[in-house]
Amino acid sequence: MNYLNNKIIEYSKNVLGFDFIEFAKPELLISEVNYLENWLKHGLHGNMTWLERNIEKRIDVKQILPSTKTVIVLAKNYYNNFQQNDKPDVGKISKYAWGRDYHKVLGNKLKLLDKFLKELSENVENKWYVDTGPIMEKQWAVKAGLGWMGKHTNIITREIGSWIFLSVVLTNLQIDTGSPIEDFCGDCTKCIDACPTDALFEPYKLDSNKCISYLTIELKPNLEINPDLSKNFKNWIFGCDICQDVCPWNKFQKLSEEPDFKPRVNLLNFNLEELLNMEEDEFNLKFEGSPIKRTKHSGIKRNIESIKVHHKK
């Protein structure tokens, strides 16, 4: 490991608070994109049409930053042990949305990392992403050896499991790189067996059209949710953590040290009726800075109404 590795790792972890940082060569993601295109071909991405665009950039990061010599992959733990209420009149929200929007939190950290990298040498060029743009974060995490792709299609680390946010930095700095690690899922199928809508229909294969997270976040608010699916939502109104909750590797989970990811108590254990009757202005104010605004006021109402229909039966 060279001087640059040590400097970047020290700054990323000790100053910026990232839990993991690994490095990969900017190789072509041929097999990974072939897998993606087959997934798209079968319509398993729902209405996330942006995944169909910029395929050449997903294959080759040098189509994004021609001078790229290293792909830096960083991960931040977001796990918190707040217990959501299991009462039938309370809605559940995915852990990732309990605190401040991770796009903003990690984005601010990466701006500082960008500045730091440019101070290490002359003519440094960087391009960073937090779950945005044509970057295959999970595949780069695997390439760099940060973790492996779990059967639930989330990245799992040996150290703390899968409650992590990923971000990627492309740079023209020449940095020593890592290599993929073993897939430690073994014969386990707990995530597949636990999925209440059968969205995980095979190991490593997800049908977004059946996924609670997709249906409650990404599905356009003006589109209805199939009642045959919503009857199995178990009161999830924004995202779903079931496949990660049952993962044996998450027994190694540890509390996040990031203050911005601490649960906002006023955003959890919402009474469904209260949230359903909330005016849009109040919704926008209460969820300011939260990922929950992604699905919009109309989307949350749609999600709740799709659940309440089954409560009445």
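Let me begin with Gln84, which lies in the loop between β2 (70-77) and β3 (90-93); strands are DSSP runs of E of at least two residues, helices are runs of H or I of at least four, and both are numbered from the N terminus. Please keep in mind that this is a predicted model, in which local features need pLDDT of at least 70 and side-chain atom pairs count only at pLDDT 80 or more, while totals for chains, interfaces and linings use all residues. Residues are numbered from 1 along each chain as its sequence is written, and side-chain values use heavy atoms, with hydrogens and water left out.

Is Gln84 buried or exposed? Gln84 is buried, with a relative accessible area of 16%, where buried means under 20%, exposed over 50%, and partly exposed in between, using a 1.4 Å probe and protein chains only. The side chain of Gln84 reaches the backbone nitrogen of Ile93 at 2.9 Å, and the C-alpha atoms of Gln84 and Leu268, which are 184 residues apart along the chain, are separated by 7.1 Å.

Turning to Asn172, we find this residue in the loop between β7 (164-171) and α6 (190-194), and Asn172 is also buried, with a relative accessible area of 16%. Its side chain reaches the backbone nitrogen of Glu125 at 2.8 Å, and a polar atom of that side chain lies 3.0 Å from the backbone oxygen of Asn123.

Finally, the largest nonpolar core has 94 residues, and those with the most contacts inside it are Ile8, Leu113, Leu117 and Leu146; such a core is a set of buried Ala, Val, Leu, Ile, Met, Phe, Trp, Tyr and Cys residues joined through side-chain atoms within 4.5 Å.

Definitions and conventions:
A polar contact is a pair of N or O atoms within 3.5 Å; within protein, one must be able to donate a hydrogen and the other to accept it, and residues adjacent in sequence count only if both atoms are side-chain atoms.
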